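Dear colleague,

Please find below the structure that I am handing over to you. My notes on it follow directly after.

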Amino acid sequence: MNYLGLHSLLTLKVNESNKLLSLDEFLFFTKKILVKYELEKVGCSSFVFDNGGFTSAFCLKESHICIHTWPELSTLTLDIYLCNYFQNNNQKVKDISEEYIYFFNADIISKHEIYR
């Protein structure tokens, strides 16, 4: 079957809670991910909440990467979707998911991969 793309939905328990408060560190890391995996950013919007948690959405030519952090719960949700228009990006989605898990030194609460 010719899938349109892979959508990875992660809920992670983070062992280094300071990473859930550092929007700048997340943005820097994500920009490195975009370069490494040759993804093209078309926009980015972020917001920091009163408790220091943040939300951020990278709109990509290939689709998106979105995060929402809950520092009071040591938890985050991460959404990664890349379409397969010009090439199969399924392995990139899997690899990027693993890179974020490592970056946040996180344990997986839930992980869902949806072929669209």
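Strands β4 and β5 pair in the antiparallel sense over eight bridges, where pairing requires that DSSP finds at least two bridges between two strands. Helices (H or I, at least four residues) and strands (E, at least two) are DSSP runs, numbered from the N terminus. Within this pair, W70 stands opposite T75 of β5.

The model is a predicted one: local features need pLDDT of at least 70, side-chain atom pairs count only at pLDDT 80 or more, and totals for chains, interfaces and linings use all residues. Residues are numbered from 1 along each chain as its sequence is written, and side-chain values use heavy atoms, with hydrogens and water left out.

β4 and β5 form a hairpin with four residues between them. In its turn, S74 has a positive phi of about 55 degrees, although this residue is not a glycine. S74 counts as partly exposed, at 21% relative accessibility; buried means under 20% relative accessible area, exposed over 50%, and partly exposed in between (1.4 Å probe, protein chains only).

β5 also pairs with β1 (residues 5-14), antiparallel and through nine bridges; here T77 is the bridge partner of T11. Seven of the nine residues of β5 are buried, so this strand is largely enclosed by the rest of the structure.

A further antiparallel pair consists of β2 (residues 41-48) and β3 (residues 54-60), joined by seven bridges. V48 stands opposite F54, and G52, in the hairpin of these strands, takes a positive phi near 95 degrees.

Finally, N105 lies in the loop between α2 (90-103) and β6 (106-115). N105 has a positive phi of about 50 degrees without being a glycine.

With kind regards
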